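Please view the structure before reading on.

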Amino acid sequence: SAAEKGGYDYFMLKEIAEQPQAIAETLLGRLTEQGEIRLDEVRLTDQDLRDVDKIFIVACGTSFHTGMVAKYAIEHWTRIPCEVELASEFRYRDPVLDRSTLVVTISQSGETMDTLMALRHAKDQKARVLAICNTNGSTIPRESDAVLYTHGGPEIAVASTKAFLTQLVACYLIGLHLAQVRGIKYADEVGAVVAQLQEMPDKLRTLLDRMGPVRELARDLASSNTVLFIGRHVGYPVALEGALKLKELAYMHAEGFAAGELKHGPIALIDQGTPVVCVVPSPAGRGMLHDKIVSNIQEVRARGARTIVIAEDGDEAVLPYADHLISVPRTPTLLAPLVTTVPLQVLACEIAAARGHDVDQPRNLAKSVTVE
Ligand code: AGP
């Protein structure tokens with residue numbers, strides 16, 4: 001009913017709007033004023049965490065995209081090798097696991113069969129298993145050694161939105177906590193990142209207030225046959241997520257690419273007017289990342305693409321190459337997916353609505369996939 005949707009046309013729009021609160025709830029009680037991470041609920045001792053010499057993240061769909069972002073953050077902060085793998089592939093290739101391996105599953109529902117089977121396989125191999133989950137008492141956390149719940153509240157729309165953002169926050173907390181416990185070099189960064197995480201709910205409120213032009217753009221793109229998404233570093237999983245949302249809701253051909261891979265093949269897809277969404281990292285961020293994607297944007301535009309550029313406030317370098325500019329609040333590189341994903345959620349939702357589809361219940365899909 002309309003009341004359940006809190007005045008929004010779709011649960012998805014309601015859940016997109018709930019993201020600032022969902023993030024605040026997921027941070028609540030887990031940060032100290034001294035800038036430390038407290039994850040007492042995760043029943044792994046500090047010694048257990050010091051013994052970890054390899055991390056595998058396993059998940060499906062949007063939760064897998066969370067894992068891809070998490071890999072960049074966790075490896076950077078902890079220097080522990082971290083792999084991310086689709087749950088449906090993981091156990092079939094005989095991964096190398098032992099007592100010092102930490103396997104992190106990410107699942108909104110906690111009932112995804114592929115992820116559950118991967119978790120059981122990891123346990124059989126004596127790995128320690130930690131679940132990131134949004135659903136209290138569901139099967140995956142029940143069977144895990146430890147759990148970190150995301151406090152996103154129930155997610156009704158089939159397309160995952162607030163679960164994704166809160167999963168990212170949970171992964172950041174785990175990475176920072178591991179860095180702290182192990183006392184490695186990047187432990188110095190923890191305090192600063194904690195402060196940045198605390199600013200996220202406000203940043204997201206600012207961002208959500210600016211979605212008018214994205215809705216207009218959506219109406220414009222609704223008749224496209226295809227939309228491509230490009231990104232680098234953590235912008236790459238964001239590009240994949242933007243494309244997944246569009247496929248599942250708008251039934252439109254959409255694909256995400258690592259921007260550096262374009263020249264190895266996909267650039268041949270670009271034709272006059274092909275929409276290409278470009279996820280741009282902060283110019284203040286790591287090394288050459290920003291310059292590299294600016295040249296990728298130039299390359300696609302030179303071949304006729306219509307560019308939709310998601311860039312940080314005040315990023316002037318992208319202006320000459322952006323047919324449409326979507327500005328997002330300034331955010332450090334590793335945390336940027338928390339903001340850059342939001343316009344892509346809105347875009348997919350509005351394109352699907354403009355095409356007359358049932359946004360909350362897309363065809364052929366179920367909210368939790370309980371078959372392998
Ligand atoms: C997201 O929009 C999808 N509907 C889907 O990819 C989902 O993320 C995936 O099935 C995993 O679900 P889970 O997080 O509940 O395990």
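## A loop proline, the ligand shell and helix packing

In the loop that joins strand 8 (275–279) to helix 12 (289–302) lies P283, and the model in which this residue is placed is a predicted one. P283 is partly exposed, because 17 other C-beta atoms lie within 10 Å, a count that falls between the limit of 20 or more for buried residues and that of 12 or fewer for exposed ones. When residues up to four places away in sequence are left out, P283 touches H290, E312, D315 and A317. A further pairing concerns G314, which is 31 residues from P283 along the chain, and whose C-alpha atom is separated from that of P283 by 9.4 Å.

The ligand is surrounded by 15 residues, of which G61, T62, S107, S109 and T112 are the closest. Sorted by class, this shell holds 10 polar residues, four nonpolar ones and one that is charged. Helix 4 (residues 61–78) supplies the largest share of the shell, namely three residues.

| Helix pair | Angle between axes | Axis separation |
|---|---|---|
| Helix 4 and helix 8 (residues 162–182) | roughly 25° | within 9 Å |
| Helix 4 and helix 11 (residues 235–250) | about 170° | 9 Å |

With an axis crossing of roughly 25°, helix 4 is roughly parallel to helix 8, because angles under 35 degrees count as such. The crossing of helix 4 past helix 8 is right-handed. On the helix 4 side the contact is made by T62, S63, T66, V69, A70, A73, I74, W77 and T78, and on the helix 8 side by F164, Q167, L168, C171, Y172, G175, L176, L178, A179 and R182. By class, this contact of helix 4 with helix 8 comprises 12 nonpolar residues, six polar residues and one charged residue.

For the other pair, the angle of about 170° makes helix 4 roughly antiparallel to helix 11, since angles over 145 degrees are counted that way. Here G61, T62, H65, M68 and V69 of helix 4 meet P237, L240, E241 and L244 of helix 11. The residues of this contact divide into five nonpolar, three polar and one charged.

Technical notes: Residues are numbered from 1 along each chain as its sequence is written. This is a predicted model: local features need pLDDT of at least 70, side-chain atom pairs count only at pLDDT 80 or more; totals for chains, interfaces and linings use all residues. A residue is near a molecule or strand if its C-beta atom, placed from the backbone, lies within 6 Å of it. Helices (H or I, at least four residues) and strands (E, at least two) are DSSP runs, numbered from the N terminus. Ala, Val, Leu, Ile, Met, Phe, Trp, Tyr, Cys and Pro count as nonpolar, Asp, Glu, Lys and Arg as charged, and the others, Gly among them, as polar. Two residues are in contact if their C-beta atoms, placed from the backbone, lie within 7 Å. Axes are lines fitted to C-alpha atoms, for helices over the stretch in contact, and angles run from 0 to 180 degrees between N-to-C directions. Angles under 35 degrees count as roughly parallel, over 145 as roughly antiparallel, 65 to 115 as roughly perpendicular and the rest as oblique. A crossing is left-handed if the near helix is turned anticlockwise from the far one by less than a right angle, and right-handed if clockwise.
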